[in-house]
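Please study the entry shown here before reading on.

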Amino acid sequence: MKKITLLPLAALVASSLALADDIKVLKFSEDGTPTTFDPVQAGTTYANTVTTAVYDTLYEYKYLKSPYELKPNLAVDMPQVSEDGLTYTIKLKKGVKFIDDPAFADGKGREVTAADFVYSIKRHFDPKNRSQGSWLWTGKIVGVDDWKANGSDYTKSIEGLQALDAHTVQIKLIKPFPQLTYTLAMGYSGIVPVEAVEKYGRELSVHPVGSGPFKVVSHNSTKTVLEKNTNYRQEIFDVAGSGYDEKVHGFTGIATLDGKTLPIVDRVELNWVKQASARWNSFSKGTEIVNTTLQNEQMNEVLASKHPVTLKPEYAEKFNFRVNPEAGLVYNFFNFDDEYFGYSEDPKIGAANKALRCAIVKSFNWPQRVSRFYLGIGEAYPGFIVPGTDGFDPAMDKASIKQDIAGAKKLLKEHGWNKRSLPVLYFPGVSSTRNKQFFEQFRGNLTKIGYPKNKIKNKSYATFGDFNKDVKMSKTQLIPMGWGLDYPDAENTLQLFYGPNRSPGSNGSNYNNPEFNKLYEQASIMQPSPERTEIYKQMNQMVVDDCVGIGGYSRTRIRMWHKNAIMWPQRDVIGNYLKYVDIKS
Amino acid sequence: MYSIPLLFGVTLISFVLMVYFGPDKTYDLLGRNPTIEEINEIRHQLGYDQPFFVRYLEYIKEVLLFDFGYSDSTGEKVTSILAKTIPVSIALQLPGFILGNVLGILLALFAAMHRSTWLDKLIMSSSVVGMSISYLIVIITTQLIFCSSYGLNLFPVYGWEVNSLSDYLYYITVPTISSVFVALGYNTRFYRAVIVEETTRDHVRTAKAFGHSASTILFKHVLRNSLIPIVTRIVFSIPFVIVGGALLLESYFGIPGVGLTAYDAITTGDLPVLKAIIVLTTLMFILVVSLVDILYRVVDPRISLK
């Protein structure tokens with residue numbers, strides 16, 4: 001009797017276990033937390049990862065292709081661009097639906113249309129949405145600035161942003177903007193239905209309603225859970241078309257995923273783990289987190305060698321890894337508004353200021369910085385064009401990234417700088433052990449060129465917001481920061497030196513060189529070409545020659561994942577990659 | 001009645017600190033290439049362009065309606081955030097809070113009973129060791145021992161998916177061990193000092209002279225008469241348990257409680273969340289002060305509520 005009574009329970013347990021086995025779950029960790037999933041505010045890498053997984057964008061990057069290359073996502077094809085480069089016409093796939101959500105009249109997701117795209121971009125120009133992405137299109141799309149100036153009335157159309165029919169979008173530009181298509185692959189351009197905005201208002205940030213491969217089922221400050229969007233359109237993984245290279249990706253097993261319906265996993269658990277030790281412990285025990293990034297703290301424990309990177313046998317047995325330079329860079333700019341670093345009407349003072357900048361650049365020890373803080377992997381490069389983007393020149397003269405103490409001393413002496421005349425220098429940064437260490441290293445190098453130690457001081461800020469405020473208000477002498485690429489085009493980093501972008505804009509250095517500005521304006525409307533590449537190189541050389549800052553270096557990360565996961569970890573730029581991941585049962 | 005001026009004073013002082021010394025949220029919300037107009041738009045949205053007293057009156061209105069609007073960071077309704085995070089923090093802190101106090105009292109009684117013997121010295125020196133080790137080190141060590149593949153690997157390092165009692169015990173055990181380890185040192189030393197002082201009183205000497213057993217003396221005469229400072233300490237720490245949360249525990253164990261929320265709000269200048277947490281903490285203290293008055297009366301009938 002007892003046996004019979006227990007049978008249904010046993011069956012239930014068995015079926016639950018079977019079900020649990022059938023569900024494929026990708027669990028991974030990141031070192032920060034997204035605060036919102038509203039596309040208009042998808043400014044962080046963390047937010048972009050989720051936003052591009054739950055919202056459709058017109059375009060996306062090929063998963064495995066290096067250098068980055070776009071492909072249609074919700075769009076049928078790449079855009080049709082008019083001869084003058086000013087009109088983009090884009091056809092949308094038909095029959096694509098938003099997820100089922102109470103925001104819709106019958107709770108069923110309706111079809112995504114061109115009007116939804118237009119509405120989603122308009123939202124960036126409505127001040128109440130606090131857009132972080134509007135700068136991408138400001139002054140570029142015909143009529144958006146006027147639409148905003150006239151009160152952001154959604155009933156009024158914008159000349160440059162039209163839905164020609166239910167499935168055709170037309171974008172008209174004021175001047176050519178070759179990077180436009182890249183911006184249509186960013187989380188900022190995620191397509192949002194008006195019904196969801198009306199239902200959830202500001203809480204759309206935690207109730208995303210999209211048409212992407214996943215939907216958010218829960219979110220809090222430490223974890224976000226996504227589940228497969230069962231309404232997702234039919235999309236097949238074309239491994240060869242994604243940029244698969246047997247030599248690079250062969251060991252991952254990705255080739256076996258060819259022809260699979262996307263998304264492959266049923267559930268994604270994103271653990272937002274700021275603490276490196278907790279992240280590593282959770283990853284290494286193998287039951288909680290499938291992939292993570294190796295931190296300095298674990299380097300000696302895990303790595304057998306750095307050049308080339310290899311894992312110790314006990315780790316190599318369990319984990320795959322990828323050595324992956326970030327799509328971005330770290331740098332330390334000088335503020336040209338500062339009287340000791342900037343321009344002067346007096347040519348003698350101008351030359352002395354330049355000598356001071358160049359001497360500080362020469363004092364910097366990049367190998368030491370990389371060795372102490374960035375796993376000792378990767379190398380600095382001259383200038384500020386990120387490797388892998390158009391205009392990066394590996395043959396560029398490396399003098400600007402080599403420590404040259406004698407050269408720095410000579411420069412200072414020739415221009416009359418001495419212990420008495422050298423200014424008090426404040427090295428700013430958000431209060432943290434690492435920033436303090438950066439400061440100590442910076443000061444240590446400067447003392448080698450004769451800079452008095454007591455004239456180099458640390459300026460510590462309680463929060464990034466406070467630090468950013470001073471940078472935006474041009475109150476810091478130096479700007480030690482990083483820049484993650486918005487899109488893989490050198491224009492994205494060269495705009496950091498364009499005069500009209502000065503503070504509070506992205507040009508925190510307030511560098512304003514008419515010759516550079518002219519070249520920038522010329523290149524920014526050019527389609528990729530050898531001619532444009534040459535201009536990029538000239539601009540890069542110009543900022544190196546003017547000693548605008550210390551740079552650059554792209555932090556190289558070691559991404560690790562368990563061997564039961566078939567994946568190619570991608571965090572920067574490309575966004576929507578979770579749909580390609582598979583977990584072996 | 002004193003609660004009204006108290007609430008008024010706390011909100012005013014905290015608001016002055018938030019407005020004049022807190023982080024400027026504007027620069028956290030900006031895009032990467034903002035214009036001065038965009039900065040002004042955000043400042044306007046955040047109400048930063050309003051005079052101080054207009055903003056303060058708005059705060060008072062929010063307090064009266066208990067509606068603090070939406071978080072400037074996440075866009076989520078503040079009351080929803082608190083409703084989700086406070087129960088998690090209570091669930092996280094409660095076992096450690098109870099165990100830390102109960103064990104602290106028991107160890108203190110034991111130490112006081114064996115005053116000046118090696119047992120007393122052992123307990124007291126262990127307490128000092130417990131107090132001296134950083135909470136952070138305790139958390140990392142317990143994680144390594146109980147949760148990681150380098151140790152026993154019995155419990156999760158990270159997460160909070162509690163749907164049953166067994167889940168709860170699974171996620172709570174190691175954080176509780178960490179918090180008890182740290183709290184025990186402070187509690188034991190404090191309670192021992194209180195109890196030892198009580199054992200020197202005349203009534204205890206009289207009880208001994210009357211031949212009462214050691215346990216009767218300890219529990220009936222010593223502990224009972226030590227309850228006022230013990231109750232004060234315990235009850236006054238309740239607001240921290242409920243609202244303050246445990247930032248380090250929540251951060252290292254990935255537990256989405258109010259401690260993390262409060263920390264993020266402070267460091268990013270998320271005023272709507274911060275204002276709500278301050279008001280809630282103040283209300284908790286007002287409640288606790290009233291509760292303490294009642295408990296004093298319970299443990300010592302000589303005390304009048306008037």
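This is a predicted model: local features need pLDDT of at least 70, side-chain atom pairs count only at pLDDT 80 or more; totals for chains, interfaces and linings use all residues.

Residues are numbered from 1 along each chain as its sequence is written, while chains are lettered from A and ligands numbered from 1 in the order in which they are written.

Q: How far apart do the C-alpha centres of domain 1 and domain 2 of chain A lie?
A: Domain bounds come from an automatic or database domain assignment. In chain A, domain 1 covers 22-249 + 570-583 and domain 2 covers 328-554. Their C-alpha centres are separated by 34 Å.

Q: Which elements give two or more residues to the side of chain A that touches chain B?
A: Contact requires C-beta atoms, placed from the backbone, to lie within 7 Å. By that criterion, 43 residues of chain A meet 46 residues of chain B. The elements asked for, as DSSP runs (helices: H or I, at least four residues; strands: E, at least two; numbered from the N terminus), are α8 (276-284) and α15 (464-472) of chain A.

Q: How many residues of helix α2 (residues 45-54) of chain A are buried?
A: A residue is buried if 20 or more other C-beta atoms, placed from the backbone, lie within 10 Å of its own. Among the buried residues of α2(A) are A:Tyr46 and A:Val50, and the cover includes β1 (25-30) and β18 (478-484) of chain A. The helix is mostly covered, and its buried count is 10 of 10.

Notes: Two residues are in contact if their C-beta atoms, placed from the backbone, lie within 7 Å. A residue is buried if 20 or more other C-beta atoms lie within 10 Å of its own, exposed if 12 or fewer, and partly exposed in between; C-beta atoms are placed from the backbone.
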